[in-house]
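Good morning, everyone, and thank you for making time for this.

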Amino acid sequence: MITVAHCAGSFAKVVEKSSGVKPTTFPPMDATTLDLSGLRGADLWYIDLHGEHGNPAWFGDNGVAAMYAGQVAASELHGVNVFASNCFLGDDDSPMMKALFKAGARSVIAAPGKNFSPIDGPLYGAALVGLWVRRLLSIGSTPDNALRTALTRIAVEIEFNRSSGRQDLLDANQDAMEFKVFYK
Amino acid sequence: MNYTDLATVKNEILSGGNAVVSSQYDVLIERLISAASRDIDEYCAGAKMPASLNYFEMADVVDELTYGLSDVERGMVFWPHKPTVLSVSAVATRFSPRDAWLDRDVSLIELNGGSVYLWDSAPGERFQVKVSYNGGWGTSVADLPANLVEVATVLAARYFKEASTGLSDSIGTVELGIVSYTKTMPARVKAIMDKWQRVQPW
């Protein structure tokens with residue numbers, strides 16, 4: 001399975017772990033140096049950038065603009081499944097969601113509102129959903145079934161968090177249960 | 001294994017206001033029961049493989065090959081090809097066919113419905129598993145959940161009515177009037193079976 005990953009610079013360690021590939025990071029990249037041509041023929045686009053409600057752009061560290069809706073819409077995403085832990089992508093009328101589908105994305109797995117992931121150490125929250133979704137897609141799951149099984153694994157983690165008293169992980173994992181699969 | 005039997009299907013046909021079905025149709029009904037049972041297998045297992053036949057039958061399965069995934073720094077998980085796994089007698093893993101099988105300690109296994117969790121380090125993120133286990137829902141119609149028997153019965157009775165009386169579904173439209181067609185599966189049957197559909201790939 002060919003995976004391509006883009007993320008904020010500070011998320012690189014975790015995204016490499018969850019996406020299984022070395023991500024393109026923002027910075028040093030930004031919207032002016034962005035090149036999405038590598039997405040042609042990919043099976044999965046894994047994204048972990050900052051998103052804002054209703055904003056037609058995603059951002060890297062320190063507010064650097066990573067990509068605009070127009071750039072995403074102009075990319076070639078036919079047949080590509082997208083997993084994004086970007087905040088607010090799963091909101092109603094998200095302009096970035098529209099851009100992904102305009103580019104031909106097969107499916108988008110995202111959650112509404114804010115999402116939570118670590119920047120280092122063991123995976124939890126959105127990053128853990130991404131890890132399981134990618135692994136399950138790699139053994140032939142459909143996006144719906146991959147997310148369903150991924151959330152089953154998150155539910156197991158939630159039980160561990162409850163028994164270990166880790167409220168921060170518990171909150172992030174419970175929030176991650178809101179991930180959904182979107183189709184055009 | 002079939003998920004309903006002749007007497008149950010004949011009663012179902014009778015309860016639909018039809019006359020008693022003569023025994024001359026028994027061979028046909030038996031064939032339709034098998035067809036309905038295999039349709040249920042295919043729909044719920046999400047696969048059309050020799051091993052997906054009799055998906056719900058409780059059986060001892062030997063050396064089945066499947067994929068496993070490593071868990072987060074704790075162990076590994078895999079999903080044998082039965083809806084429920086009741087016990088595991090042997091597990092071996094390898095990263096790829098180039099590697100030798102490594103036997104695993106089955107006492108480190110935790111069963112959860114159809115998934116098997118092994119508290120041991122995985123040979124990779126994604127790897128091959130060879131597993132011997134007992135799983136499934138029953139060995140006879142009497143052991144099966146009532147709703148599985150009901151689904152198989154409704155489906156077999158429907159196949160019989162389609163063949164014998166030309167039963168079909170119809171829809172009315174302004175442009176075309178009443179159009180007759182045949183659904184591949186009644187909505188009620190599909191709605192029940194959706195709950196049993198295998199989520200993990202074969």
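This is a predicted model: local features need pLDDT of at least 70, side-chain atom pairs count only at pLDDT 80 or more; totals for chains, interfaces and linings use all residues.

Let me start with chain B, where 45% of the 202 residues count as buried, a word that here means under 20% relative accessible area, whereas exposed means over 50% and partly exposed lies in between, all with a 1.4 Å probe and protein chains only. Residues are numbered from 1 along each chain as its sequence is written, chains are lettered from A and ligands numbered from 1 in the order in which they are written, and side-chain values use heavy atoms, with hydrogens and water left out.

Chain B has four helices and nine strands, where helices (H or I, at least four residues) and strands (E, at least two) are DSSP runs numbered from the N terminus. Read from the N terminus on, the order of these elements is α-α-β-β-β-β-β-β-β-α-β-β-α. If we take contacts, meaning heavy atoms within 4.5 Å, between residues of chain B at least 6 apart in sequence, then 71% of them join residues at least 24 apart.

Now to the place where the two chains meet. In this interface, 18 residues of chain B are in contact with 19 residues of chain A, and the two chains bury about 1700 Å² between them, 56% of it on carbon and sulfur atoms; buried area is the accessible area (1.4 Å probe) that two parts lose on being put together, summed over both.

How many salt bridges are there between chain B and chain A? The count is three, a salt bridge being a side-chain nitrogen of Lys or Arg within 4 Å of a carboxyl oxygen of Asp or Glu. One salt bridge joins Asp71(B) and Arg153(A), at 3.5 Å from N to O. Another is formed by Arg135(A) and Glu125(B), whose closest N and O atoms are 3.6 Å apart. Because Arg135(A) lies in helix α4 of chain A and Glu125(B) in the loop between β6 (115–118) and β7 (126–135) of chain B, this pair joins two chains. Arg135(A) is buried, at 7% relative accessible area, while Glu125(B) is partly exposed, at 30%.

Please also look at Trp132(A), which is found in helix α4 (residues 125–138) of chain A and is buried, with a relative accessible area of 1%. Leaving aside residues up to four places away in sequence, Trp132(A) touches Ala150(A) and Arg153(A) and, across in the other chain, Leu69(B), Ser70(B), Asp71(B), Val72(B) and Val77(B).

Finally, let us go back inside chain B. Which residue forms a salt bridge with Lys10(B)? The partner is Asp26(B), and the closest N and O atoms of the pair are 2.7 Å apart. Since Lys10(B) lies in helix α1 (residues 6–15) and Asp26(B) in helix α2 of chain B, the pair ties together parts that are 16 residues apart in sequence. Both Lys10(B) and Asp26(B) are buried, the value for Asp26(B) being 18% relative accessible area.
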